[in-house]
Amino acid sequence: MARGDGAADRRRVIGHGSVDDDGKPKRTGTVWTASAHIITGVIGSGVLSLPWSMAQLGWVAGSITLFLFAAVTYYTSALLADCYRSDDAVTGKRNYTYMEAVQSYLGSRQVWFCGLCQYVNLVGTAIGYTITASISAAALYKADCFHKNGHSADCGVYTTMYMAVFGISQIVFSQLPNLHEIAWLSILAAVMSFSYSAIGVGLALAQTISGPTGKTTMGGTEIGVDVTNSAQKIWLTLQALGNIAFAYSYSMVLIEIQDTVKAPPAENKTMRRANLLGVSTTTAFYMLCGCLGYAAFGNAAPGNMLTGFGFYEPFWLIDFANICIVVHLIGAYQLYCQPIYAAVESWAAARWPGSDFVVRQYRPFAGGNFSVSMFKLVWRTAFVAVSTVLAILMPFFNAILGLLGALAFWPLTVYFPVEMYKRQSKVERFSKKWVVLQSLSFTCFAVTVAVTVASVQGITQSLNNYVPFKTKL
């Protein structure tokens, strides 16, 4: 096995012999690759819960909420993109990660809070994607079972095995070098997300046209009919807000995506276009999936549109859609975990610069550019294993999505971008812009607190009837 000789060799191997002026791998990203990364990060498991979210909110509030979250996400993402470089958005020093940007603008006191929010959410997203991928994989068996034995057959299947298989696949993919090297995986995942979203929209449209359809209302689920009391209505409405927030959540990896973009043109200009393309594309899909799914199922919409078996036929198309979901989540899992991998590996390299276990690179394939260190192999394998076990222990789809959406929405999507932009642009205290930004931040904070409480309540309620390792789809 050929060996490298430390950090310089590591940069050379990863960058295929080409580096930028800051010693990092050559940036080759464009609007299209950045958009693919964004779409991969945004269109994920959240899209499958949108009909359920619409059912809790109703036609009016559901549609307005989707547009409001899209507008807030795009606006704050544009603010965050301007903070990729310190002091000046075009010529300033690069910040390679979200935390570096916070350190540069807001100081070390807020870095710990940022790190806690970002990495807890990234770990939670890995858990959520493991749950969702296993549900879709198990749905392949159920769809075939229902097709062969009838829709009333007992086709329940335990999801634990599917989570384990997904975890094993992620151990393999986690050895890919870094975000610069997985653009192909993000493009493939983006194609998959378009595919299963289009299938979901098509099936919902066909159901809406041909019938039968569920009962829909302007205000969503009705007390005494769909939910037992007003308290349950409030809890489920707040969980729906969290699901929609999760569906738009990608700010925690935006800086890392921007760090793959070449310059000129200025990275913030490229990212504005990529953000607009990514958010507008996903919003169009979300409106189609949410509205058509709600029209098809009504207030009885399942928590997961493609695995809740509101659709049974054509079974082969449902199978293909679920395969697309699994492939997409393999790529999305890596997109969200790469910042965690990079943070720990950078810390280890700085802490033990002379350790062969940490810094020495091995090329498992003669003549190839792929390399791996023993630390990377052990650490990434351990991370995937732990996140898989946690997913097996907490397989509650809608409640987990709501909690993840709440934890990421205010601090990472709103608070830090707003605070860094105020510092960079020197927004005067109590000026009109300052008041608008503070009002936005406070409103989103209130929503986050309410959704967090509701999601925790939902998880607590689910735990009352939960038996570990015995979850059935």
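Is Lys215 buried or exposed? With a relative accessibility of 53%, Lys215 counts as exposed, because the cut-off for that label is over 50%. Please keep in mind that this is a predicted model. The protein has an average pLDDT of 79, and 84% of the residues score at least 70. Here is a short tour, from confidence to the core, the surface and the salt bridges.

**Confidence**
- Helix 3 (residues 50–81) has the highest confidence, with a mean of 89, while helix 1 (residues 7–14) has the lowest, at 34.
- The pLDDT stays below 50 over residues 1–17, a stretch that makes 33 contacts in the model beyond near neighbours in sequence.
- Where pLDDT is low, the predicted coordinates should not be read in detail.

**Nonpolar cores**
- The largest nonpolar core contains 114 residues, and Met271, Tyr333, Phe383, Phe416 and Met420 have the most contacts inside it.
- Helix 11 (residues 315–351) supplies the largest share of this core, 15 residues.
- Beyond its neighbours within four places in sequence, Phe416 touches several residues, among them Tyr98, Val102, Leu106 and Phe113.
- A second, separate core has six residues, including Ile135, Met163, Ala391 and Ile392.

**Surface**
- A nonpolar patch on the surface is formed by Val386, Val389, Leu390, Leu393 and Met394, which together have about 350 Å² of accessible area.
- Leu393, from that patch, belongs to helix 13 (residues 374–393) and is partly exposed at 31% relative accessibility.
- Asp356, in helix 12 (residues 356–359), is also partly exposed, with a relative accessible area of 40%.
- Between Asp356 and Met374 the C-alpha to C-alpha distance is 8.4 Å, with 18 residues separating them in sequence.

**Salt bridges**
- The whole structure has six salt bridges.
- Arg272 pairs with Asp82, their closest N and O atoms being 2.8 Å apart.
- Because Arg272 lies in helix 10 (residues 267–297) and Asp82 in the loop between helix 3 and helix 4 (98–106), this pair ties together parts that are 190 residues apart in sequence.
- Within this pair, Arg272 is partly exposed at 31% relative accessibility, whereas Asp82 is buried at 10%.
- Lys215 meets Glu222 in a salt bridge at 3.0 Å, N to O; Glu222 is partly exposed at 26% relative accessibility.
- Glu419 and Lys422 form a salt bridge, with 3.0 Å between the closest N and O atoms.
- Both Glu419 and Lys422 sit in helix 14 (residues 397–425), three residues apart, or about one turn of the helix.
- Glu419 is buried at 16% relative accessibility, and Lys422 is buried at 11%.
- Arg85, Arg94 and Glu267 are joined in a salt-bridge network.

Terms used: Residues numbered from 1 in each chain as written. Predicted model: local features only at pLDDT ≥ 70, side-chain atom pairs only at ≥ 80, totals over all residues. Heavy atoms only, no water. pLDDT = per-residue confidence, 0-100. Helix = DSSP H or I, 4+ residues; strand = E, 2+ residues; numbered from the N terminus. Contact = heavy atoms within 4.5 Å. Core = buried A, V, L, I, M, F, W, Y, C linked by side-chain atoms within 4.5 Å. Buried < 20%, exposed > 50% of the residue type's maximum accessible area, 1.4 Å probe, protein only. Patch = residues over 30% accessible without salt bridge, like charges linked within 9 Å, V, L, I, M, F, W, Y side chains within 5 Å. Areas by Shrake-Rupley, 256 points an atom, 1.4 Å probe, with all protein chains shown as cover. Salt bridge = Lys/Arg side-chain N within 4 Å of Asp/Glu carboxyl O.
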